[in-house]
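This report describes selected local features of one protein model.

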Amino acid sequence: MPTPPPDLRSLLASQGYIVVPSNLTPTTLAALRAISHNATTLSRAGKWPHIRTLPRQFPPWPSDPSLGIWGVQQLMNPALPGHELFTQTYFSAATIATVKQLLGPGCEDAQLVMELFNLLVAPDEDFELRWHRDDIPPSASAEEELERLRQPAWHAQWNLALHEDESLILVPGSHARARTEAERGAGPYDVLPGEIRVKLAPGEMAFYNNNILHRGAYRKDVERMTLHGSMGHVEGGALRARNVLQHGRGWIGRVDLGGLEGEERRRAEGMRDRLVALGSRFEETGFSQDD
Ligand SMILES: O=C(O)CCC(=O)C(=O)O
């Protein structure tokens, strides 16, 4: 009897992360590497202003790359060369199918919302992110953490590695509980009990709960090109609005879906329109974290 496919939603709920194949063909993987390399070169040369700059961990990032960069933002912005393939990759059938499984039984196209698609790259200097939860500040009490962690995630977030990547460090299970005393007392870059590095081969994706305790450790001499995306559910409302819109909003309505066809195109248009609508409802979202 064939082995049934793993229940990805249960696995994500228990571990806080999962690793799955992206089903990218070798040709698409090579093409994504080429446009990612080009986007990184433009960013380092000051010709693409939407970047993650050193030494800042959270948005808003300045657009001056002179201290170095660790990411390129807004891959689906039609002003970025290569946006067509980035956009096709974001809306790919394989990603949509996994996201729907993770968002729960009965999740339909009409409930999906376009969110972010960025690129994380090897920094110009070795650089580490502090332990954090994306949308809960470190000042939160245990009760406040639990209150937030008990709410449904209303989105799926992933890293899709174009080269081998083991930069993401997390504590499995920590998305479902408040920090322990040891975690609260630890330094920003300390080794935490139970931490693991998420190891991805080229073409693999890690989906993770963005409120799991996690950090990043990046080396300038280790190639990194990892697509960093998220997709939401319409029920996410204000919770997702801040998470997504703090990364900039001018590009959203302009995303070019001309490279998609039929059913895929209609689904993507609906997703984009729902993000535009979210932006109209939440004009001032502020930022999730202080840097
Ligand atoms: O580099 C990574 O994979 C993690 C990035 C991260 O933690 C963040 O953007 O908040």
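## Salt bridges

Arg133 counts as buried, with a relative accessibility of 3%. Here buried means under 20% relative accessible area, exposed means over 50%, and partly exposed lies in between, with a 1.4 Å probe and protein chains only. The model is predicted: local features need pLDDT of at least 70, side-chain atom pairs count only at pLDDT 80 or more, and totals for chains, interfaces and linings use all residues. Residues are numbered from 1 along each chain as its sequence is written, and side-chain values use heavy atoms, with hydrogens and water left out.

Arg133 forms a salt bridge with Glu145, and the closest N and O atoms are 2.9 Å apart. The term denotes a side-chain nitrogen of Lys or Arg within 4 Å of a carboxyl oxygen of Asp or Glu. This pair links distant parts of the chain, 12 residues apart: Glu145 is in helix H5, and Arg133 is in the loop between strand E5 (127–128) and H5. Helices (H or I, at least four residues) and strands (E, at least two) are DSSP runs numbered from the N terminus. Glu145 is also buried, at 1% relative accessibility.

The structure holds 17 salt bridges. In one of them, the side chains of Lys100 and Asp109 meet at 2.5 Å, N to O; Lys100 is partly exposed, with a relative accessible area of 22%. Another joins Arg177 to Glu183 at 2.8 Å, N to O. Arg177 is partly exposed at 27%, whereas Glu183 is buried at 9%. Through salt bridges that share partners, Arg133, Glu145, Arg179 and Arg184 form one network.

## Backbone geometry

Most residues other than glycine have a negative phi, and most peptide bonds are trans. The peptide bond from Leu54 to Pro55 is cis, with omega near -5 degrees, and Pro55 is found in the loop between strand E2 (51–53) and strand E3 (69–72). Pro59 and Pro60 are likewise joined by a cis peptide bond, with omega about 5 degrees; Pro60 lies in the loop between E2 and E3.

Asn23 is not a glycine, yet has a positive phi of about 65 degrees. Asn23 lies in the loop between strand E1 (17–21) and helix H2 (26–44) and is exposed, at 62% relative accessibility. Trp154, also not a glycine, has a positive phi of about 55 degrees. Trp154 is located in the loop between helix H5 (142–149) and strand E6 (155–161) and is partly exposed, at 26%.

## Pockets and cavity

On a 1 Å grid over the protein atoms alone, a cavity is a set of points where a 1.4 Å probe fits but cannot get out; a pocket is an open set with protein on both sides within 12 Å along at least five of seven lines, and lining residues have an atom within 4 Å of a point. A volume is the space filled by probe spheres set on the points, which are joined across faces, edges and corners.

The largest pocket holds about 530 Å³ of space. Trp154 is among the residues nearest its centre, together with Gln151, Pro152, Ala153 and Asn209, in a lining of 25 residues. The second largest pocket has a volume of about 320 Å³.

A search of the whole structure finds 1 cavity of 30 Å³ or more. The largest cavity has a volume of about 380 Å³. Of its 31 lining residues, Arg52, His132, Asp134, Gln157 and His228 are closest to the centre.
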